[in-house]
Amino acid sequence: MIVRAMTRRALAYIVRQGERPEFAPLLGTLSFLATITLAVPVEWLVVVGTLTNRRRWLSVAACAATGSSLAAIGFYFAFHHLGWSMLAERYPELAGTRAWLQASDWISRYGPLALFGLMALPLPIPKLPMLAVAGLYRLPIQEVVIAIWSGKIIKYTLYAYVVTRFPGTIRRMVHATS
């Protein structure tokens with residue numbers, strides 16, 4: 001209930017700011033906050049931001065990808081520096097969860113490519129376990145940054161492009177779910 005109210009308020013705020021010159025960077029900032037708090041899916045911000053200002057669809061996607069990537073990279077660094085002991089102390093059952101085991105398997109097999117794939121997937125899949133495992137495995141930072149940002153830029157650009165091509169259909173879908 002609270003998340004839904006927060007989502008509505010965030011989306012309404014985006015619509016009100018649509019014609020401002022700094023709209024795309026504002027959307028990037030909101031994407032950063034949405035990723036850090038895990039409160040609002042960034043995909044929704046990109047869709048509503050693109051519907052609000054279709055002329056800036058590419059900058060909306062780029063700023064959203066950058067803001068969300070910075071937050072995801074922050075999570076990676078947090079896990080990279082805090083390490084397993086702090087996670088295990090606070091969440092002892094974590095290592096046995098399906099998401100953790102799957103993330104460990106993917107990172108050990110594919111490394112940063114697994115991060116790229118997860119970030120590029122257009123599905124609302126929890127990404128925190130993968131970022132935690134990547135941080136604990138201490139993957140090369142440069143490769144992690146490239147994997148996260150390139151995956152998100154592809155996904156959000158695709159979202160924004162589809163919205164510009166089919167705005168009426170997307171509007172109906174947005175209104176049907178709200």
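This is a predicted model: local features need pLDDT of at least 70, side-chain atom pairs count only at pLDDT 80 or more; totals for chains, interfaces and linings use all residues.
Trainee: Which residues of the largest nonpolar core touch the most other members?

Mentor: A nonpolar core is a set of buried Ala, Val, Leu, Ile, Met, Phe, Trp, Tyr and Cys residues joined through side-chain atoms within 4.5 Å. Buried means under 20% relative accessible area, exposed over 50%, and partly exposed in between, with a 1.4 Å probe and protein chains only. Here the largest core has 21 residues, and those touching the most other members are Ile-107, Leu-115, Met-130, Leu-131, Leu-139 and Ile-148. Two or more residues come from each of α4 (57–90), α5 (98–110), α6 (112–120), α7 (128–137) and α8 (141–165). Helices are DSSP runs (H or I, at least four residues), numbered from the N terminus. A second, separate core has 19 residues, among them Leu-30, Val-46, Ala-65 and Ala-160.

Trainee: With which residues is Ile-107 in contact, leaving aside its neighbours within four places in sequence?

Mentor: Contact means heavy atoms within 4.5 Å. On that basis Ile-107 is in contact with Ala-114, Leu-115, Met-130, Val-133, Ala-134, Tyr-137 and Leu-139, once neighbours within four places in sequence are left aside.

Trainee: How is the packing of two helices described?

Mentor: Two packed helices are described by the angle between their axes and the distance between the axes. Axes are lines fitted to C-alpha atoms, for helices over the stretch in contact, and angles run from 0 to 180 degrees between N-to-C directions. Angles under 35 degrees count as roughly parallel, over 145 as roughly antiparallel, 65 to 115 as roughly perpendicular and the rest as oblique. In this model, α6 and α8 pack at about 20 degrees with their axes 7 Å apart, and are therefore roughly parallel to each other. The crossing of α6 past α8 is right-handed, a term used if the near helix is turned clockwise from the far one by less than a right angle.

Trainee: Which residues make the contact of α6 with α8?

Mentor: From α6 come Pro-112, Leu-115, Phe-116, Met-119 and Ala-120, and from α8 come Glu-143, Val-144, Ala-147, Ile-148, Ser-150, Gly-151, Lys-152, Ile-154 and Lys-155. They divide into nine nonpolar, two polar and three charged. Ala, Val, Leu, Ile, Met, Phe, Trp, Tyr, Cys and Pro count as nonpolar, Asp, Glu, Lys and Arg as charged, and the others, Gly among them, as polar.

Trainee: Which residues of α6 are buried, and what covers them?

Mentor: Pro-112, Ala-114, Leu-115, Leu-118, Met-119 and Ala-120 are the buried residues of α6. Their cover includes α5, α7 and α8. The axes of α5 and α6 are 6 Å apart at an angle of about 125 degrees, which makes α5 oblique to α6. In that pairing, Trp-106, Ile-107 and Tyr-110 of α5 meet Pro-112, Leu-113, Ala-114 and Leu-115 of α6. The contact comprises seven nonpolar residues, no polar and no charged.

Trainee: At what angle do the axes of α3 and α8 cross?

Mentor: They cross at roughly 35 degrees and come within 9 Å, and α3 passes α8 in a right-handed crossing. The contact residues divide into eight nonpolar, two polar and two charged.

Trainee: Is Gly-49 buried or exposed?

Mentor: Gly-49, in helix α3 (residues 42–52), counts as buried because its relative accessibility is 0%. Not counting residues up to four places away in sequence, Gly-49 touches Ile-14, Phe-23, Leu-27 and Val-60. Gly-49 and Gln-17 are 32 residues apart in sequence, with their C-alpha atoms 9.2 Å apart in space.

Trainee: Where does Leu-38 lie, and what is its phi?

Mentor: Leu-38 lies in the loop between α2 (23–37) and α3. Its phi is positive, about 55 degrees, although Leu-38 is not a glycine. At 58% relative accessibility, Leu-38 counts as exposed. Arg-138, in the loop between α7 and α8, also has a positive phi of about 55 degrees without being a glycine. Arg-138 is partly exposed, at a relative accessible area of 48%.

How values were computed: Residues are numbered from 1 along each chain as its sequence is written. Side-chain values use heavy atoms; hydrogens and water are left out.
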